[in-house]
Amino acid sequence: MWWKHTVIYQVYPRSFQDSNADGIGDLEGIRQRLPYLKDLGVGTLWLSPFYKSPMKDFGYDVADYCDVDPVFGTLEDFDRLLKEAHGLGLRVLIDLVPNHTSDQHPWFLESRTSRDNPKRNWYIWKDPGPEGGPPNNWQSFFGGPAWTLDQRTGQYYLHLFLPEQPDLNWQNPEVREAIHEAMRFWLRRGVDGFRVDVLWLLAKDPLFRDEPGNPEWRPGHPDRLRHQHLFTEDQPETYAYVREMRQVLDEFSEPGQERVMVGEIYLPLHRLVRYYRAGCHLPFNFSLITEGLPDWRPENIARIVEAYESLLTPWDWPNWVLGNHDQPRLASRLGEAQARVAAMLLFTLRGTPTWYYGDELALPNGEIPPDRIQDPAALRQKDRTPAGYHSLGRDPERTPMPWDASPYAGFSTVEPWLPLNPDWPVRNVAVQERDPQSILQLVKRLIALRQEPGLLLGPYRTYRARGGIYAYLRGEGFLVALNFTDRERALELPQKGRVVLSTHLDREEAVGETLRLRPDEGVVVRLS
Ligand code: GLC
Ligand code: CA
């Protein structure tokens with residue numbers, strides 16, 4: 001059950017460490033930085049895609065599921081990275097992108113050659129609608145219709161993302177088997193599991209019905225939000241597909257050495273938890289990102305945690321996330337002082353935390369000049385009002401990791417593919433390693449403290465959620481108290497105890513009946 005006791009750390013390979021002076025991070029760079037990750041204390045790495053790809057969506061457009069793109073290195077580089085990670089006791093999850101391929105994948109190149117090609121049915125092809133336009137009203141996440149006409153054969157193909165990312169036809173058992181074989185390819189190499197891209201989108205309505213309008217949509221909002229996604233998200237067939245993938249993982253699992261599935265699923269909690277029943281080990285719980293960070297109040301966070309906890313059965317293991325490569329940076333959403341409080345929350349809630357590279361430095365959103373925008377989501381929807389999932393460009397949260405004050409922050413020896421954050425000379429790993437009160441030190445302490453059985457396994461109970469304070473108990477032994485305000489606050493404790501960690505990293509001391517919290521301070525109290 002290693003995946004219940006681990007901390008997952010997401011690496012965006014393009015931006016972690018460049019090892020060959022082309023300005024783009026690579027697998028060898030990640031290997032060189034393994035000691036940093038080991039020292040941080042995380043147990044599991046999740047690597048965003050490094051497959052062969054034309055990079056229209058930076059690797060989420062896969063042209064070969066069983067090879068490494070030259071920009072990231074070679075299969076041998078991957079094997080070396082995996083071996084060394086395992087040698088250090090680190091697990092490795094890789095990204096699996098089963099919903100769509102690149103339009104340059106040999107399967108699609110074949111599929112589009114003729115209507116009777118044996119691979120035609122591997123993708124979703126439809127005749128034009130009655131008026132000659134797209135077959136229905138489905139919209140892409142990246143703007144515009146989810147259908148593109150292929151002149152040669154006179155049919156449209158479906159793509160929920162870019163036209164260069166055609167959706168695979170998951171109804172076709174050959175497609176499912178092909179993806180299972182790709183999974184086996186990596187499982188045989190020794191990966192510990194997969195983070196599965198857009199798991200909740202795999203199945204589509206077999207009748208391809210129009211989606212009903214969304215009354216909240218306004219001109220300028222992303223096209224994808226025009227409709228309620230009754231027919232393109234969370235379809236019943238998805239659960240059978242998840243179950244099959246779980247079986248593939250189980251072929252390679254042994255007690256204590258489970259191969260696991262983490263699912264990218266943006267759904268309300270009551271629908272999210274059904275993916276546990278289908279066999280997904282950790283359906284990503286994004287509720288803190290989608291509902292918590294925009295309304296950062298004790299009452300709201302307690303509501304989210306209680307709602308989630310109350311939906312889990314004893315067989316479901318919780319998980320929590322504060323950031324990823326598709327979401328604005330934590331430090332920019334809350335400011336550094338409250339980002340520290342949020343880190344304490346993440347690492348002391350019940351369940352497996354997932355941490356996004358750079359958040360341990362409180363890295364803010366990068367500043368991307370218009371002529372350096374890379375993200376296709378931004379380029380396609382540039383003139384729209386930003387609102388909602390994927391509508392803002394995602395470059396700001398993908399800037400290079402600043403390691404030290406040497407040129408290009410130790411990330412590369414040439415100008416990186418995205419600009420470094422302007423404050424890199426003062427906000428980098430080396431500076432924070434030397435500063436005993438940096439957020440980097442706080443994250444290390446939190447990850448280490450989390451090994452306490454009470455924090456790892458103890459049940460969650462809300463203690464107080466008002467007046468600017470959110471406090472909760474973990475089992476009998478720990479109370480966590482978080483001050484969401486920039487004023488002093490006091491809290492009556494259920495019993496005496498000892499502060500074992502403060503977000504300010506400057507006190508460890510006995511406490512009596514009253515706990516005093518300084519502005520923006522969170523503490524973990526061991527109850528006596
Ligand atoms: C997921 C990924 C995102 C990507 C999209 C299409 O949402 O996290 O980065 O653009 O899928 O693959
Ligand atoms: Ca490189």
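**Helix packing and selected residues**

The axes of helix α12 (residues 336-348) and helix α15 (residues 439-449) come within 10 Å and cross at roughly 10 degrees. That makes α12 roughly parallel to α15, a label for angles under 35 degrees, with over 145 counting as roughly antiparallel, 65 to 115 as roughly perpendicular and the rest as oblique. Axes here are lines fitted to C-alpha atoms, for helices over the stretch in contact, and angles run from 0 to 180 degrees between N-to-C directions. Helices (H or I, at least four residues) and strands (E, at least two) are DSSP runs, numbered from the N terminus.

This is a predicted model: local features need pLDDT of at least 70, side-chain atom pairs count only at pLDDT 80 or more, and totals for chains, interfaces and linings use all residues. Residues are numbered from 1 along each chain as its sequence is written, chains are lettered from A and ligands numbered from 1 in the order in which they are written, and side-chain values use heavy atoms, with hydrogens and water left out.

Back to the first pair. α12 passes α15 in a right-handed crossing. From α12, the contact (heavy atoms within 4.5 Å) draws on Glu336, Arg340, Ala343, Met344 and Phe347. From α15 come Ile439, Leu442, Val443, Leu446 and Ile447. By class, the α12 and α15 contact holds 8 nonpolar, no polar and 2 charged residues. Ala, Val, Leu, Ile, Met, Phe, Trp, Tyr, Cys and Pro count as nonpolar, Asp, Glu, Lys and Arg as charged, and the others, Gly among them, as polar.

Is Gln338 buried or exposed? Its relative accessibility is 6%, so Gln338 counts as buried. Buried means under 20% relative accessible area, exposed over 50%, and partly exposed in between (1.4 Å probe, protein chains only). Beyond its neighbours within four places in sequence, Gln338 is in contact with Trp296, Asn483, Phe484, Thr485 and Asp520.

Next comes α5. The axes of helix α5 (residues 173-189) and helix α6 (residues 237-251) come within 10 Å and cross at roughly 30 degrees. That makes α5 roughly parallel to α6. Their crossing is right-handed. On the α5 side, Arg176, His180, Met183, Arg184 and Leu187 make the contact. On the α6 side are Tyr241, Glu244, Met245, Val248, Leu249 and Glu251. This contact of α5 with α6 has 6 nonpolar, 1 polar and 4 charged residues.

α5 also meets helix α3 (residues 75-87), with axes within 10 Å and a crossing of roughly 50 degrees. The two are therefore oblique to each other. Leu75, Phe78, Asp79 and Leu82 of α3 touch Phe185, Trp186 and Arg189 of α5. The classes here are 5 nonpolar, no polar and 2 charged.

The loop between β8 (155-158) and α5 holds Glu164. Glu164 is partly exposed, at 24% relative accessibility. Its contacts, leaving aside neighbours within four places in sequence, are Lys56, Asp61, Thr101, Ser102 and Asp103.

Last, the cysteines. How many disulfides are there? The count comes to 0 disulfides, taking a disulfide as a pair of cysteine sulfur atoms within 2.5 Å. Cys66 is partly exposed, with a relative accessible area of 28%. Cys280 is buried, at 2%.

Conventions
Left-handed = near helix turned anticlockwise from the far one by under 90°.
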